[in-house]
Amino acid sequence: MPNLRPWLFALLLALLTTLAQAAPERIGIDIITKATTLTAGEQQSVRQYVQGWLPDLRDADEQKVVAARDKLVDPLRQNPSSFFLASYASALDEGLTVALSSDKVLTRLNAVIVASELRRDVTPIIAKALEDENPAVRYWAGKAVSEIGMAAAKDPNASGLAESQKKLLALLLPAIEKEKSQLVIQRLVSSLADLTIPEARAAVFDVLESRLAVHEAQPDLSPAPEYEALRTVLVRMAGNAANRTPDEVRRAAASLHRYLVLSAARLAKGDLDKAASADFKQMAQLGAAWLPWTARTLNATALPPALDGSVEADRWNEVLLAAEEWKQALSKPPFAKQ
């Protein structure tokens with residue numbers, strides 16, 4: 001009878017090696033939600049999990065890439081504590097940076113998706129992604145910026161997010177200026193509006209003003225990016241009276257008026273397709289709804305004509321006539337400084 005021991009030993013060794021190399025299926029919820037600093041052993045568990053799944057993020061097999069992304073994102077959707085996030089982000093950082101240098105778009109894209117879920121300072125990753133040749137990667141870089149802004153809005157005292165937003169603001173402005181993809185522009189301008197630092201609000205108004213020239217040069221260009229940004233800023237201003245200034249309300253009124261006129265003038269020509277008409281009309285609706293709010297907020301004693309009825313009825317020449325009266329009002333106090 002042949003001696004089976006060497007064969008069994010080799011099989012057992014191969015099995016143990018495979019198990020040792022297999023990525024852990026999950027991190028314990030007790031580690032993910034721990035409200036104190038992770039122990040050395042717990043941090044090692046985090047590193048093993050991350051190091052187990054990161055290689056698949058760079059795999060040639062698309063299914064493995066997507067599966068790795070889902071595994072790396074999963075702990076971030078289980079109400080992780082700040083202590084876990086600090087350890088997890090540290091373990092992920094280098095691997096995501098390496099993934100962003102891959103020649104595979106799917107790997108780069110999913111690396112940014114994972115980074116966006118961290119809601120922490122991942123500025124180097126975002127900076128690299130904003131320079132990516134693929135618009136989908138640049139789009140998700142903008143999404144990562146938004147996630148950081150929303151995390152800061154939820155917890156204004158979160159460690160490091162204010163400084164991170166300043167760095168992201170410096171990255172976003174040139175990225176918006178040179179971006180060619182309309183969809184990415186929409187994402188980046190919206191991301192700019194999602195930042196909560198005071199400098200970002202002023203930057204939104206600056207971008208809105210500068211993009212008027214873009215629309216003049218391209219009359220059919222959708223104002224959807226500007227709509228999203230302006231609406232986000234207005235909602236935030238209205239919801240926090242203590243965190244807005246009269247000058248910001250004045251700038252909001254000026255932006256609303258300019259984009260109202262731009263939209264009404266374009267719609268008055270009557271040659272837009274259905275989708276473009278909807279984009280321009282929603283911008284006109286925004287102006288009609290929020291210009292009176294700016295007047296009330298600034299304690300204006302007399303309001304120019306209401307715009308909403310004419311906007312809803314698509315009477316664009318009436319809107320333009322009423323907008324002229326608003327223009328006169330905006331040139332005088334309280335809209336203009338005395």
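Asp194 touches Ser146, Gly149, Met150, Arg187, Thr232 and Arg236, leaving aside residues up to four places away in sequence. Contact here means heavy atoms within 4.5 Å. The model is predicted, so local features need pLDDT of at least 70, side-chain atom pairs count only at pLDDT 80 or more, and totals for chains, interfaces and linings use all residues. Residues are numbered from 1 along each chain as its sequence is written, and side-chain values use heavy atoms, with hydrogens and water left out.

Asp194 lies in helix H10. Helices are DSSP runs (H or I, at least four residues), numbered from the N terminus. Asp194 has a relative accessible area of 12%, so it is buried. The cut-offs are under 20% relative accessible area for buried, over 50% for exposed, and partly exposed in between, with a 1.4 Å probe and protein chains only. Asp194 and Glu226 are 32 residues apart in sequence, and their C-alpha atoms are 13 Å apart in space.

Now take H10 as a whole. Helix H10 covers residues 182-194, and its 13 residues should span 18 Å at 1.5 Å a residue; the end C-alpha atoms are 18 Å apart, so the two agree. The expected span is 1.5 Å times one less than the number of residues. H10 is mostly covered, with 10 of its 13 residues buried. Among them are Val184, Ile185, Arg187, Leu188 and Val189. The stretch from Ser190 through Ser191, Leu192 and Ala193 to Asp194 is buried too. What do the buried residues of H10 pack against? Their partners are helix H7 (123-130), helix H8 (135-154), helix H9 (161-178), helix H11 (198-217) and helix H12 (224-239).

H9 is the next stop. H9 has 18 residues and reaches 26 Å from its first C-alpha to its last, close to the 26 Å expected at 1.5 Å a residue. Its buried residues are Leu161, Ser164, Gln165, Leu168, Leu169, Leu172, Ala175 and Ile176. An α-helix has 3.6 residues a turn, so residues three or four places apart point the same way. The cover over the buried residues of H9 includes H7, H8, H10 and H11.

How do H9 and H10 meet? Two packed helices are described by the angle between their axes and the distance between the axes. The axes of H9 and H10 come within 10 Å and cross at roughly 150°. Axes are lines fitted to C-alpha atoms, for helices over the stretch in contact, and angles run from 0 to 180 degrees between N-to-C directions. H9 and H10 are therefore roughly antiparallel to each other. Angles under 35 degrees count as roughly parallel, over 145 as roughly antiparallel, 65 to 115 as roughly perpendicular and the rest as oblique. H9 passes H10 in a left-handed crossing. A crossing is left-handed if the near helix is turned anticlockwise from the far one by less than a right angle, and right-handed if clockwise. On the H9 side, the contact uses Leu169, Leu172, Leu173, Ala175 and Ile176; on the H10 side, Leu188, Val189, Ser191 and Leu192. By class, the contact of H9 with H10 has 8 nonpolar residues, 1 polar and no charged. Ala, Val, Leu, Ile, Met, Phe, Trp, Tyr, Cys and Pro count as nonpolar, Asp, Glu, Lys and Arg as charged, and the others, Gly among them, as polar.

Another pair is helix H13 (residues 246-268) and helix H16 (residues 316-330), which pack at an angle of about 155° with their axes 9 Å apart. H13 and H16 are therefore roughly antiparallel. Their crossing is left-handed. H13 residues including Ala253, His257, Leu260 and Val261 meet H16 residues including Trp316, Asn317, Val319 and Leu320. The contact of H13 with H16 has 13 nonpolar, 2 polar and 1 charged residues.

Helix H3 (residues 40-57) and helix H5 (residues 82-99) have axes that come within 10 Å and cross at roughly 25°. That makes H3 roughly parallel to H5. The crossing of H3 and H5 is right-handed.

Two single residues remain. Arg108 sits in helix H6 (residues 105-118). Arg108 is buried, with a relative accessible area of 5%. Its contacts include Asp103, Asp132 and Glu133. Pro333 lies in the segment after H16. Is Pro333 buried or partly exposed? At 45% relative accessibility, Pro333 counts as partly exposed.

Key. Helices (H or I, at least four residues) and strands (E, at least two) are DSSP runs, numbered from the N terminus.
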